[in-house]
Amino acid sequence: MTLSSVIRPGRAAAPAEAWRVEVRRDEGALIELGDELRDLYERSPEATPFQSHEWLSAWWGWYGIRGRLRLVLVRYRGRLVAAAPLMTAGRWGFPVLVPIADEQSDFTDFLLDPAYTDGAVEHLARALHGMRGRCAIDLREVRPGSVVHQVVRRWPGRTWPMPASVCMELPCADIADVMDRLPRRSAGKMRAKLRKIDVRGITAETVPPEEAADAIGALLEMHARQWRGRPMNPEHARERFRRHLAEAGAAMVREGRAAVLRYHWDGRLVASDLVLIGHRFVGAYLYGAIPELRDGVDVSLMLLREDLALARSRGRQAVNLLRGEEPYKLKWRPSRVQNQRIVLGRSFPASLFAGLALVRAGLAARRHRRPATVPPPAPPRDGLLGDEALRAAGREDVPLPRHDAMPVDEAVPVEDAVPIRDAEAGARKGGRPGHG
């Protein structure tokens with residue numbers, strides 16, 4: 001669908017015919033546009049690994065539902081300069097647009113070439129607002145400085161910001177420098193724990209790209225063992241998650257956008273760590289360790305030392321511990337980075353949807369004694385947020401360590417749907433493809 005005829009040129013003072021906006025809904029769009037999306041990601045300094053083509057296309061293959069893709073593209077003289085990879089979904093009974101893979105992603109954003117900021121953002125905002133059929137765009141984990149904030153400033157309708165997850169971030173440094181930030185007694189204990197790791201002869205190696213998929217499978221097996229008897233994110237035990245993570249992780253390792261670290265003790269694999277490599281930071285996404293390893297060493301300290309070394313070797317500015325304020329993160333005295341949930345209103349029911357999201361965010365903030373750092377907007381003038389909506393507000397789960405977030409609500413009802421990969425396989429075998 002071409003929207004260039006209804007969108008005025010942005011502030012870049014370029015002729016209207018130089019700009020073109022399209023919305024791709026066909027299932028082959030992510031594959032067909034792979035090279036362009038990878039190139040745009042490289043030109044998007046604020047993008048995180050969760051906006052990379054490898055992450056999104058792998059997720060769509062195992063979770064995506066036919067007919068729900070909404071890939072919004074902005075071109076200037078044929079060159080792709082902005083993209084919003086979205087899909088249709090239902091949340092709390094409301095029809096909304098959400099980012100692809102948002103349930104498994106710690107950061108939400110769009111892609112933007114900063115050389116075309118004014119015109120591209122203007123056209124992207126108007127295109128997103130002008131699409132039919134969904135009351136709002138729900139962006140749940142928007143990092144400070146994201147492209148989404150630029151879209152908000154140009155949004156023709158109403159917007160609602162609210163607090164989302166908190167991420168912890170450490171500046172890129174040697175582990176010794178991190179110790180120097182701690183009180184003397186705590187630093188002494190940590191140095192003793194590091195010596196304990198070294199005395200035991202635990203070694204770390206970076207997995208080559210051709211072994212990455214198998215290494216991620218082994219990581220997930222150890223991850224399940226370490227959470228046995230405790231409330232693990234149930235999605236991490238499902239086959240679709242394993243296939244998504246193996247496919248995405250292996251592709252990202254090949255492109256230099258991820259690394260898998262393996263730890264051996266006396267020749268035995270005892271731990272593994274998947275680290276995502278962004279433009280500015282490396283993110284500690286998921287790890288697995290055999291339970292008995294915890295009896296002998298501080299596993300989080302062991303992983304942090306290698307993650308910091310990886311960040312230094314790749315020239316990144318920080319190690320991001322991603323979502324959650326767990327005590328094992330706080331002991332390093334990291335910086336606290338507050339994500340936002342941003343709802344972009346597109347039609348009348350957006351007020352009720354945003355009001356419900358605000359109530360849930362407020363309940364979560366009070367329950368976990370964290371300040372609502374994003375001031376809530378005034379109550380909707382249309383009076384849609386009443387007692388019924390308040391009763392409907394449920395709980396917001398807090399992420400468990402290392403991306404073990406229990407899902408708050410499914411972006412799409414995928415349990416009874418056929419993923420794109422399986423639908424394609426079924427079609428080749430004469431079966432009937434799934435439909436959303």
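Two strands are taken to pair if DSSP finds at least two bridges between them, and helices (H or I, at least four residues) and strands (E, at least two) are DSSP runs numbered from the N terminus. The model is a predicted one, in which local features need pLDDT of at least 70 and side-chain atom pairs count only at pLDDT 80 or more, while totals for chains, interfaces and linings use all residues. Residue numbers start from 1 along each chain as its sequence is written, and side-chain values use heavy atoms, with hydrogens and water left out.

On these terms the chain holds 14 helices and 13 strands. Of its 436 residues, 57% come out as buried, with buried meaning under 20% relative accessible area, exposed over 50% and partly exposed in between (1.4 Å probe, protein chains only).

On one pairing, strand 1 (residues 19-24) runs antiparallel to strand 2, joined by six bridges; here Val21 has Val74 as its bridge partner. Strand 3 (residues 79-91) also pairs with strand 2 in the antiparallel sense, over eight bridges, and Leu73 sits opposite Ala83. Two residues separate the strands in the hairpin of strand 2 and strand 3, where Arg77 takes a positive phi near 50°.

Then there are the rings. Rings of Phe, Tyr and Trp (its six-membered ring) pair if their centres lie within 6.5 Å; planes under 30 degrees apart count as stacked, over 60 as edge-to-face and the rest as tilted. The count comes to 11 aromatic pairs. Trp19 and Tyr76 have ring centres 4.8 Å apart and planes at 55°, so their pair is tilted. Trp19 belongs to strand 1 and Tyr76 to strand 2, so the pair ties together parts 57 residues apart in sequence. Both are buried, Trp19 at 4% relative accessible area and Tyr76 at 18%. Tyr76 also forms a tilted pair with Tyr116, 5.5 Å centre to centre with 50° between the planes. Tyr116, in the loop between strand 5 (111-112) and helix 4 (117-130), is partly exposed at 23%.

Elsewhere, ring pairs link Phe50, Trp55, Phe107, Phe281 and Tyr285 into a cluster. Arg143 lies over the face of Phe107, 5.2 Å from the ring centre, where a charge sits over a ring if NZ of Lys or CZ of Arg is within 6 Å of the ring centre and within 35 degrees of the ring normal.
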